[in-house]
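Thanks for coming. I will take one protein model today and go through it region by region.

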Amino acid sequence: MATAGLKPVGKCFDKSLLATMAKVGKEQGIDTNNYEQMAEKAKKYRTNIHNGWLDEAGLTKLRSYYRKSLFEGGQVIHFQFNKWQPELQENVKKAQEVAKQAFNLATEMEKKPLKVLLIGEPGTGKTSLALAMMYRLRNQNQSAMFVSSTELVSIFWKSYRYEDVRKRKDEIIEAMKTVDVLVIDDFGTEGGVNGDKEAQRDVQQAIKEVATARYDMDNNRVLKSTITTTNNSIEELQRIYNPKLISRLVPHRVSQQINFSGLEDVRE
């Protein structure tokens with residue numbers, strides 16, 4: 001039997017499972033050999049998932065999206081621009097400049113969606129300013145969510161083993177596609193997490209789908225704001241990912257790239 005368009009969960013596909021899927025498909029009037037029909041059914045399934053969690057417990061749009069955030073270690077972090085302390089850096093002027101650039105971009109994003117990249121060494125404050133931008137926009141009634149790349153890989157890895165986690169993973173990916181403001185933290189670090197090549201591959205595919213959904217390729221414009229932090233250079237990201245993904249996720253304009261070079265790791 002042909003399995004075009006079907007992807008195994010982990011490595012659990014076997015003949016009995018395929019036979020069961022074909023039987024269920026037949027009962028539902030689905031031709032498993034018809035890729036277009038399968039794709040349409042998958043689209044409807046994703047829409048139902050999205051509407052289901054958005055309406056869950058009568059939560060507001062802002063709360064529904066925010067609750068899908070993945071903070072590293074499960075520790076929710078809050079940060080505002082007024083908490084930024086440039087004096088902690090030896091290069092105070094540079095620290096002031098990156099904060100001002102982040103604030104100005106957040107102000108611009110109140111009016112139109114943008115892609116923003118915060119790039120530099122670990123511990124220099126990229127995540128803090130990305131959070132400050134996110135919370136400022138959330139206070140302007142834009143839905144927002146924060147996704148740690150490390151935690152995202154962990155969710156994928158667990159989803160191969162636990163059905164409830166698989167459902168949560170699907171909800172998170174759908175939320176990432178449609179939320180007004182998405183922060184992807186430590187983009188590029190997922191390449192070495194857990195040494196799980198299957199999870200790494202699937203996470204990269206998911207991020208590609210997210211980036212595509214957030215960009216209008218027909219009209220060459222950004223649909224939803226995406227704020228990305230990374231310790232990698234753009235050239236390194238292009239080696240890790242498909243260049244098309246980087247093009248859709250990383251801003252081409254230097255004015256939308258916040259470079260933290262020259263700042264030091266201030267973590268204790």
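First, the ground rules. This is a predicted model, in which local features need pLDDT of at least 70, side-chain atom pairs count only at pLDDT 80 or more, and totals for chains, interfaces and linings use all residues. Residues are numbered from 1 along each chain as its sequence is written, and side-chain values use heavy atoms, with hydrogens and water left out.

Now the overall make-up. The protein has 10 helices and seven strands; helices here are DSSP runs of H or I with at least four residues, strands are runs of E with at least two, and both are numbered from the N terminus. Of the 268 residues, 45% count as buried. Buried means under 20% relative accessible area, exposed means over 50%, and partly exposed is in between, with a 1.4 Å probe and protein chains only. Among contacts with a separation of 6 or more, 78% are between residues 24 or more positions apart; a contact means heavy atoms within 4.5 Å.

Next, the aromatic rings. A pair of aromatic rings is described by the distance of the centres and the angle of the planes. The rule is that rings of Phe, Tyr and Trp (its six-membered ring) pair if their centres lie within 6.5 Å; planes under 30 degrees apart are stacked, over 60 edge-to-face, and the rest tilted. The count by this rule is five aromatic pairs. One of them is Tyr66 with Phe71, edge-to-face, at 6.4 Å centre to centre and 65° between the planes. Are these two residues buried or exposed? Tyr66 is buried, at 16% relative accessible area, and Phe71 is buried too, at 6%. Tyr66 and Phe71 also belong to one aromatic cluster with Tyr135 and Phe146.

The charged end of Arg138 sits over the Tyr66 ring, 4.3 Å from its centre. To count, NZ of Lys or CZ of Arg must be within 6 Å of the ring centre and within 35 degrees of the ring normal. Elsewhere, the charged end of Lys169 sits over the ring of Phe156, at 5.1 Å from the centre.

Staying with this part of the chain, look at Ser69. Ser69 is in the loop between helix H3 (61-66) and helix H4 (92-109), and it is buried, with 9% relative accessibility. Leaving aside residues up to four places away in sequence, Ser69 touches Met145 and Phe146. Ser69 and Val147 are 78 residues apart in sequence, yet their C-alpha atoms are 5.5 Å apart in space.

What is its relative accessible area? For Thr228 the value is 1%. Setting aside residues up to four places away in sequence, Thr228 touches Val116, Leu117, Leu118, Ile184, Phe187 and Leu249. Asp186 is 42 residues from Thr228 along the chain, with 7.6 Å between the C-alpha atoms.

Two asparagines have a positive phi. Asn141, in the loop between H5 and strand E2 (144-148), has phi near 70° and is exposed at 62% relative accessibility. Asn220, in the loop between strand E4 (215-216) and strand E5 (221-222), has phi near 50° and is exposed at 58%.

Last, the spaces. On a 1 Å grid over the protein atoms alone, a cavity is a set of points where a 1.4 Å probe fits but cannot get out; a pocket is an open set with protein on both sides within 12 Å along at least five of seven lines; lining residues have an atom within 4 Å of a point. Points are joined across faces, edges and corners, and a volume is the space filled by probe spheres set on the points.

The second largest pocket has a volume of about 550 Å³. Its lining has 22 residues, and the closest to its centre are Gly123, Gly125, Thr127, Ser128 and Arg267. Helix H5 (residues 126-138) gives the most to this lining, with four residues.

There is one cavity of 30 Å³ or more. The largest cavity holds about 40 Å³ of space, and its lining includes Lys115, Arg214, Tyr215 and Leu249. Leu249 is also among the residues that Thr228 touches.
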